[in-house]
Structures are given as structure tokens and as C-alpha cells.
Amino acid sequence: MRIEVFGDGVDRTSRPHCSAKVSCRGIVEKDNSILVVHLLKQNLYNLPGGGIEANETLEQCAAREVLEETGYSVSVVEPTVTVVEYYPDSIWETHFFKCRLLDENPRMTSP
């Protein structure tokens, strides 16, 4: 599934002509709970994720970002949704993946 979101003043005819910033997020469920990260500076919670690196697949990005942000190793099970956000000066494309825990003990991660 693909969802498109248009920021203020942007519509299908006036979308910005720039490359999308691509990121991936992992959806990790266990015992009816979803794994989230707390972003202290913004004081909000989000799914673990971040930007794709060169020569990395979307699935590799999702698994790497979950590991980096939470310490948990996961395998990607399936894609769920892609959200594309259009703003006057940028495009953000985020791919969400359902993931499965490979180890229930997180590795220590650097701050």
C-alpha cells in the first residue's frame, strides 16, 4: 500500500522536483506490544528507523536501523506500507516493514 501526503500549498500539479529522502522503519511486535524508541529532544515516541545508506536494500536498512536504535536483531518479514510526504522544498519516502525478533536480549548500543 502507498499513502501520499501533501503539505501546505502542495498538490499533484505542484510537487517539488527533487529526489526523495528515503528511510525505513521496523514494526516489531511481541506479546501484543510494539517496540518504539523515545526521542528525548522532541519528547515523542516513534518506530525505530532512519535513512537508507548507499548500496543497501530497503529491508537491510530497516533491520540495521532497528538494531542501531534498540539493540535488537530482527529479520524483515514483509513490507506493510510506504508513506510519501510532499512538501514545498522536499519529499520524504518512508517504507515500513513488519519485523520478527531474532534474539530477545538486546545488544548494548552506543548513545
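These entries go through strands, core, aromatic rings and charges.

**Ground rules.** I am working from a predicted model, in which local features need pLDDT of at least 70 and side-chain atom pairs count only at pLDDT 80 or more, while totals for chains, interfaces and linings use all residues. Numbering starts from 1 along each chain as its sequence is written, and side-chain values use heavy atoms, with hydrogens and water left out.

**Strands around β2.** I took helices (H or I, at least four residues) and strands (E, at least two) as DSSP runs, numbered from the N terminus. Two strands pair if DSSP finds at least two bridges between them. I found β2 and β8 paired in the parallel sense over eight bridges, with Phe-97 in β8 as the bridge partner of Gly-26. β2 and β6 run antiparallel and are joined by three bridges; here Cys-24 stands opposite Gly-50 of β6. Then I followed β2 to strand β3 (residues 33–34), an antiparallel pairing over two bridges, where Glu-29 has Ile-34 as its bridge partner. β2 and β3 form a hairpin with two residues between them, and Asp-31 in the turn has a positive phi of about 50°.

**The core.** Which residues make up the largest nonpolar core? I used buried Ala, Val, Leu, Ile, Met, Phe, Trp, Tyr and Cys residues joined through side-chain atoms within 4.5 Å; buried means under 20% relative accessible area, exposed over 50%, partly exposed in between (1.4 Å probe, protein chains only). The core has nine residues: Cys-24, Val-28, Leu-35, Cys-61, Ala-62, Val-66, Val-74, Phe-97 and Cys-99. β2, α1 and β8 (90–101) each give two or more residues to this core, and α1 gives the most, with three. I also listed contacts (heavy atoms within 4.5 Å) for Val-74: beyond its neighbours within four places in sequence, its partners include Val-28, Val-66 and Cys-99.

**Aromatic rings.** I searched the whole structure and got one aromatic pair. Rings of Phe, Tyr and Trp (its six-membered ring) pair if their centres lie within 6.5 Å; planes under 30 degrees apart count as stacked, over 60 as edge-to-face and the rest as tilted. Phe-6 and Tyr-86 are stacked, at 5.0 Å centre to centre with 15° between the planes. Phe-6 lies in strand β1 (residues 2–6) and Tyr-86 in strand β7 (residues 74–87), so the pair ties together parts that are 80 residues apart in sequence. Tyr-86 is buried at 6% relative accessibility, whereas Phe-6 is partly exposed at 28%.

**A charge over a ring.** My test was NZ of Lys or CZ of Arg within 6 Å of the ring centre and within 35 degrees of the ring normal. Lys-21 lies over the face of Trp-92, at 5.1 Å from the ring centre.

**Salt bridges.** With a side-chain nitrogen of Lys or Arg within 4 Å of a carboxyl oxygen of Asp or Glu, I counted nine salt bridges. One of them joins Glu-4 to Arg-15, the closest N and O atoms being 3.9 Å apart. Glu-53 and Arg-64 meet at 3.5 Å. Glu-53 lies in the loop between β6 (49–51) and α1 (58–70) and Arg-64 in helix α1, so this pair ties together parts that are eleven residues apart in sequence. Arg-64 counts as buried at 16%, and Glu-53 as partly exposed at 43%.
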